[in-house]
Amino acid sequence: MHISPLLIPIFALLIPIIAIIASTVVRPWLEIQRRRLEIDAERTAEKAAQYAAQTERLEARVRVLERIATDKGVALADEIDALRTIPDQRPLN
């Protein structure tokens, strides 16, 4: 196979031209992808903080409900029973 002597200078000129064009296209694309990843990371961090705050609120509510159920459960049952047996009134149930 014989390569034309004219192709060598053409290839010699095309290689830097292709490299320049590729760098003008690839570099901005990579920058866009990097920025997109940064934005996604910020959104994910914000959502994680929101979920953590919501979880903390729910845990606090559960602690209150547990305290009500365990601390006042017996006293509350006694109060309900006392209300059921009020004289001169019929039972509530």
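**Note on a predicted helical model**

1. Buried residues account for 0% of the 93 residues in the protein. The model is predicted. The protein exposes about 8,800 Å². Carbon and sulfur atoms supply 67% of that area.

2. The secondary structure amounts to two helices and zero strands. Helix 1 covers residues 7–71.

3. Four salt bridges turn up across the whole structure. Arg 34 takes part in a bridge with Glu 31, with the closest N and O atoms 2.3 Å apart. Both residues sit in helix 1, three residues apart, or about one turn of the helix.

4. Arg 34 also pairs with Glu 38. Here the closest N and O atoms are 2.1 Å apart. Glu 38 and Arg 34 are four residues apart in helix 1, so about one helical turn separates them.

5. How exposed are these partners? Glu 31 is partly exposed, at 40% relative accessibility. Arg 34 is partly exposed too, with a value of 40%. Glu 38 has a relative accessible area of 30% and counts as partly exposed. Buried would require under 20%.

6. A further salt bridge joins the side chains of Glu 56 and Arg 63, at 3.3 Å from N to O. Glu 56 is partly exposed, with 42% relative accessible area. Arg 63 is partly exposed as well, at 43%.

7. Shared partners link salt bridges into one network made up of Glu 31, Arg 34, Arg 35 and Glu 38.

Terms used: Residues numbered from 1 in each chain as written. Predicted model: local features only at pLDDT ≥ 70, side-chain atom pairs only at ≥ 80, totals over all residues. Heavy atoms only, no water. Buried < 20%, exposed > 50% of the residue type's maximum accessible area, 1.4 Å probe, protein only. Areas by Shrake-Rupley, 256 points an atom, 1.4 Å probe, with all protein chains shown as cover.
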